[in-house]
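Please walk me through this structure, one region at a time. I would like the strands, the loops and the contact between the chains explained in plain terms.

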Amino acid sequence: MKFGIIVFPGSNCDHDCYHVVKHVFGQKAEYIWHKDTGLKGFDCLILPGGFSYGDYLRTGAIARFSPVMNEVVSFADKGGLVLGICNGFQVLTEAGLLPGVLMRNRDLKFICKETSVRVENNRTAFTSSYRQGEPVRIPIAHADGNYYADPDTVKALEDNGRVVFRYSTPSGEATPEANPNGSVNNIAGITNSAGNVLGMMPHPERAAESELGSTDGRGVFESIIHAFSGCCEGHDHHGHGQKTHG
Amino acid sequence: MEMKAKVYVTLKKGVLDPQGKAVMGALKSMDFGEVSDVRVGKFMELELEGGSKDEEEKRLKEMCERLLANTVIENYRIEIE
């Protein structure tokens, strides 16, 4: 399976994602510069964390117009798996691939700490390795992670199992105290309606090796690899249609 | 035609503005007790070389919709000089 990691000017978790995919999981991985077009042969695209374009104007607002984003949108439209982590999540909302917006944290502070999130839906390509309702420890590191959408959008997300991760206590209670940033309904991660695009504020790539304190983030990558091998076994590993790009 | 445009981007009603709340708290602690709410927004000045004012207003609207404002949470107002 081949992962593509998009590098915007200001991305700073691109190397972590590359390391985890390539060295921890033994998959193929390649960096994709934000000016690249005509992507071919990728099975999953990762938009990593960081501060693309210095977060100028709004987080993700300028990165969203990088040339590569047209490729990301058409890859996603064809059912390709897209994972946006932290700043990547912010870019995906600005690009309209995911609804809502990530606003300034409730307490206006940059928060870098381990958090607990509950797996709200394990029937997605990104979470099948987890148990339904399982609390997992994955760190967050952001100033703008306060998820907001209008009430109708939030209801649609909730009703359709599109809230995938929710901030919780270590035992899995989604209480107001467990909400680090003020996100509506403690939302930490959502998918699009087709289920092939996930945005999440916690950093699974920072919780993929025991040396770093938690391996709970591994499940996201394991699930993606599992989803890919399940759908494309016996085929030529280009199952998501991106061959027709360009 | 050379023009100057002013773009005001403000948070929609009902969207929590933690920055505004913090500024209000500071004003209150400075003895400006009459302040009951503060909303922080953005102000942008654009210099343009464009066609007619009407045409440029249309294009400025597009700039706001696509980039300068996030209409999920923000409103915008345009003034052309």
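In chain A, strand β10 (residues 187-191) and strand β11 (residues 197-200) run antiparallel and are joined by three bridges. Within this pair, A:G189 has A:M200 of β11(A) as its bridge partner. Strands here are DSSP runs (E, at least two residues), as helices are (H or I, at least four), both numbered from the N terminus. Two strands count as paired if DSSP finds at least two bridges between them. In general, strands of a sheet pair through backbone hydrogen bonds, either parallel or antiparallel.

The model is predicted: local features need pLDDT of at least 70 and side-chain atom pairs count only at pLDDT 80 or more, while totals for chains, interfaces and linings use all residues. Residues are numbered from 1 along each chain as its sequence is written, and chains are lettered from A and ligands numbered from 1 in the order in which they are written.

The strands β10 and β11 belong to an open sheet of nine strands in chain A, with the order β2-β1-β3-β4-β11-β10-β9-β6-β7 and mixed pairing. At its edges stand β2 (28-33) and β7 (135-142) of chain A, each of which pairs on one side only. From one strand to the next, the twist averages 25°; such angles run from 0 to 180 degrees between the N-to-C directions of axes, which are lines fitted to C-alpha atoms, for helices over the stretch in contact.

The loop between β9 (163-168) and β10 of chain A holds A:N185. This residue has a positive phi of about 55° although it is not a glycine. A:N186 lies in the loop between β9 and β10 of chain A, and its phi is positive too, near 60°, again in a residue other than glycine. Are these two residues buried or exposed? A residue is buried if 20 or more other C-beta atoms lie within 10 Å of its own, exposed if 12 or fewer, and partly exposed in between, with C-beta atoms placed from the backbone. A:N185 counts as partly exposed because it has 17 C-beta neighbours inside 10 Å. A:N186 has 23 other C-beta atoms within 10 Å and is therefore buried.

Helix α1 (residues 14-24) of chain A has A:D14, A:C17, A:V20 and A:V21 buried. These residues are on the same side of α1(A) because they cover an arc of only 140° around the axis, the arc being that of the directions from the helix axis to the C-beta atoms. Just after α1(A), A:G26 takes a positive phi of about 65°.

Chain B has an open sheet of three strands in the order β2-β1-β3, with antiparallel pairing. Its β2 (42-49) and β3 (74-80) stand at the edges with a single partner strand each, so one side of each has no neighbour in the sheet. The twist averages 20° from one strand to the next. Seven bridges pair strand β1 (residues 2-11) of chain B with β3(B) in the antiparallel sense, and B:K6 has B:E79 in β3(B) as its bridge partner. Helix α2 (residues 53-68) of chain B packs on the sheet and touches β1, β2 and β3 of chain B, its direction making about 155° with that of β3(B).

Between the chains, 10 residues of chain A are in contact with eight residues of chain B, contact meaning that C-beta atoms, placed from the backbone, lie within 7 Å.

Key. Contact = placed C-beta atoms within 7 Å.
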